[in-house]
Amino acid sequence: MASDPNLGFLTKRDTEVKLPRPTRVKNKTPATIQITAEQILREARERQEPEIRPPKQKITDVHELADYRLRKRKEFEDLIRRARWNTGAWVKYAAWEESQGDFARARSVWERVLEVDYRNPTLWLKYAELEMRHRFVNHARNVWDRAVALLPRVDQLWYKYIHMEEMLGDVAGARQIFERWMDWHPDTQGWLSYIKFELRYNEVDRARAIYERFVADHPRPSSFIKYAKFEAKRGEISRARAIYERAVDLLSDDEEAEQLFVAFAEFEEWCKETERARCIYRFSLDHVPKGRAEELYRKYVAFEKQYGDRKGIEDAIVSKRRFQYEEELRKNPFNYDCWFDYIRLEESVGHKDMVREVYERAIANVPPAEEKRYWQRYIYLWINYALYEELDAQDMDRTREVYRECLKLIPHKKFSFAKIWLMAAQFEIRQMNLKGARKILGNAIGMAPKDKIFKKYIEIELQLGNITRCRTLYQKYLEWAPANCYAWCKYAELERSLSETERARALFELAIAQPALDMPELLWKAYIDFEISEGEYERTRQLYERLLDRTKHLKVWISYAKFEASAGGEDEETDGEVLEKNDVHNEERQRKRIERSRGVFERAFDYFRTSAPELKEERAMLLEDWLNTESSFGSLGDVSLVQKKLPRKVKKRRPISSEDGTPSGFEEYIDYIFPDEVAMAPNLKIMEAAYKWKRQKLGADDD
């Protein structure tokens with residue numbers, strides 16, 4: 001068979017991978033010697049056949065070598081001619097020339113690629129590494145000089161250049177390169193590398209001079225800290241302290257001043273100068289803005305925990321939080337939540353003067369607009385202030401003064417706070433000053449009447465048994481809010497509790513005669529329940545009729561009917577012998593109640609059928625309650641009377657319109673079809689026939 005040209009002198013059969021044929025396992029019982037997975041993998045790797053590679057070309061004489069080099073150079077030249085900006089091709093070309101030992105040609109390739117892209121530092125690095133790899137020192141220096149001249153901001157070029165000179169033992173040359181680099185004012189790492197270089201050769205004075213140039217070039221706290229640590233490490237305590245002091249004079253207002261103060265304090269702490277460290281911490285807390293002093297506070301607290309007493313530790317913690325609150329309040333003095341936290345902090349410390357000072361500063365920040373929503377949080381500062389003076393400070397005169405000033409400050413003509421009035425009055429009651437409490441509540445009613453104030457004032461007078469004052473207050477309450485049904489009901493309830501039935505009835509009559517009420521249903525229900533409790537059933541019926549003249553609501557009809565069904569049933573005799581004697585009489589009374597209740601239901605049904613035919617759902621609910629009521633009558637009820645009027649529920653669809661009036665689909669709803677409407681709508685019979693035909697058709701399809 002002919003050999004494949006891609007495989008050299010081998011045939012395809014020679015290159016086929018022959019795998020062993022799988023053996024059929026007959027005995028599946030576990031072997032006595034178990035084989036691990038690692039052993040299987042190891043044996044598979046050992047038995048793996050070697051990778052098939054194409055044969056290498058063997059060059060036997062100079063002519064073949066020249067032909068090979070000519071062919072490869074032509075390939076590389078064609079490649080870089082097609083893609084001149086492909087630096088990878090250039091690098092491979094130069095590496096191949098290097099592998100052939102033709103360094104002149106390799107340099108030529110590197111010079112050509114640098115003409116293409118001299119700003120690429122990687123090319124300079126590889127070029128210089130070629131020269132250094134083959135010990136062409138002067139060539140390497142030439143390359144490095146050109147590189148750092150063209151790209152002085154690439155630190156890696158300077159590092160490599162200096163490293164080469166240092167490896168060659170040319171310390172003076174390396175120092176000269178460092179000086180050239182420093183003329184470009186590099187970043188911090190460049191200066192530190194120069195300093196480490198001098199320290200490697202024990203040139204401490206040179207390193208100190210470089211540090212001076214470094215802090216002059218980079219006047220930052222971190223630079224001075226490194227300089228001071230350098231001196232402290234060599235035992236020059238006075239020099240280090242002088243450096244820190246110079247830095248504090250220059251950079252006390254710097255953004256990174258916190259780091260400087262912390263380092264200075266830690267240095268003094270390391271020198272066992274705890275008082276100096278404490279003074280530094282306190283000085284820094286006064287000069288560093290509170291927003292940037294987080295680490296400083298933490299270090300100060302840790303310092304006090306280690307070297308201070310209990311009072312010093314607490315003062316450190318409190319001062320830290322106090323400065324935080326002061327900074328926040330300086331930005332926004334109307335941040336009342338921050339004031340609350342600040343006050344809570346001072347209360348935990350327990351200095352009354354400090355607490356009062358913070359309270360006074362807080363309440364001095366009156367909301368700029370006279371709108372209640374801005375005052376709702378602010379007013380609690382006054383409340384807490386008054387409670388502090390009463391409960392913690394035990395100063396009743398100051399408490400009374402706080403309430404008085406607060407009530408003067410609130411613009412009662414625009415809005416008021418019932419809580420303040422009530423708290424001031426309750427404080428006077430606790431001080432056994434009932435006259436003062438009445439005066440405060442009277443002023444509240446006159447200046448800023450509110451429901452809560454009337455209710456609490458009436459409750460206080462009622463507990464004291466002053467009925468006349470309660471009546472006067474209720475009259476004031478109703479003059480202020482004649483539409484308040486709650487006040488009418490409570491006033492009538494008071495008169496009823498005093499057995500003043502006629503006064504209570506007169507109050508109810510006045511109440512329902514008002515032109516506007518906030519909850520009339522509550523008032524009418526209370527009046528009806530009052531008459532029922534008094535046993536005045538005829539008056540109750542008249543009330544229901546008067547209520548129906550005003551509204552024909554479904555609940556009114558149902559309540560009226562249920563009243564008629566149960567009216568007079570409570571006063572029946574409960575003794576068994578008397579019931580046996582009066583069975584006929586009782587049955588007659590029951591029939592009358594049923595007839596009256598049924599009459600109300602029929603009136604309601606006629607109203608919904610004739611006057612409000614669109615209220616089909618209400619009519620259906622009425623019939624449902626009527627049916628339940630007839631069922632509750634037992635044998636005396638007539639369920640069939642209602643059942644023939646019950647509607648049939650039908651599911652229908654109606655179109656839905658969007659906001660702009662365009663149809664947007666359909667929705668399903670439940671409609672009620674009453675028996676009296678069937679005769680008026682003959683089309684419904686056609687619809688019923690259609691539904692019946694459709695059901696029959698669906699049933700036939702299922703079969």
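A residue counts as buried when its relative accessible area is under 20%. The legends below describe close-up views of a predicted model.

View 1. Glu428 belongs to helix α22, which spans residues 418-430. With a relative accessible area of 5%, Glu428 falls under the 20% limit and is therefore buried. Apart from neighbours within four places in sequence, the contacts of Glu428 are Arg400, Asn433, Gly436, Ala437 and Ile440.

**View 2. Packing of helix α20 with helix α21.** Two packed helices are described by the angle between their axes and the distance between the axes. The axes of α20 (residues 379-392) and α21 (residues 396-409) come within 8 Å and cross at roughly 165°. Because angles over 145 degrees count as roughly antiparallel, α20 and α21 are roughly antiparallel to each other. The crossing of α20 with α21 is left-handed. From α20, Ile379, Trp382, Tyr385, Ala386, Glu389 and Glu390 take part in the contact, meeting Met396, Arg398, Thr399, Val402, Tyr403, Glu405, Cys406 and Leu409 of α21. These contact residues comprise 9 nonpolar, 1 polar and 4 charged.

**View 3. Asn335 in the loop between α16 and α17.** Asn335 is located in the loop that lies between α16 (310-331) and α17 (336-349). Its relative accessible area is 26%, so Asn335 is partly exposed. When neighbours within four places in sequence are set aside, Asn335 is in contact with Glu328 and Leu329. The C-alpha atom of Asn335 is separated by 9.5 Å from that of Ala362, a residue 27 residues apart from Asn335 along the chain.

Note on methods. Residues are numbered from 1 along each chain as its sequence is written. This is a predicted model: local features need pLDDT of at least 70, side-chain atom pairs count only at pLDDT 80 or more; totals for chains, interfaces and linings use all residues. Side-chain values use heavy atoms; hydrogens and water are left out. Helices (H or I, at least four residues) and strands (E, at least two) are DSSP runs, numbered from the N terminus. Buried means under 20% relative accessible area, exposed over 50%, partly exposed in between (1.4 Å probe, protein chains only). Contact means heavy atoms within 4.5 Å. Axes are lines fitted to C-alpha atoms, for helices over the stretch in contact, and angles run from 0 to 180 degrees between N-to-C directions. Angles under 35 degrees count as roughly parallel, over 145 as roughly antiparallel, 65 to 115 as roughly perpendicular and the rest as oblique. A crossing is left-handed if the near helix is turned anticlockwise from the far one by less than a right angle, and right-handed if clockwise. Ala, Val, Leu, Ile, Met, Phe, Trp, Tyr, Cys and Pro count as nonpolar, Asp, Glu, Lys and Arg as charged, and the others, Gly among them, as polar.
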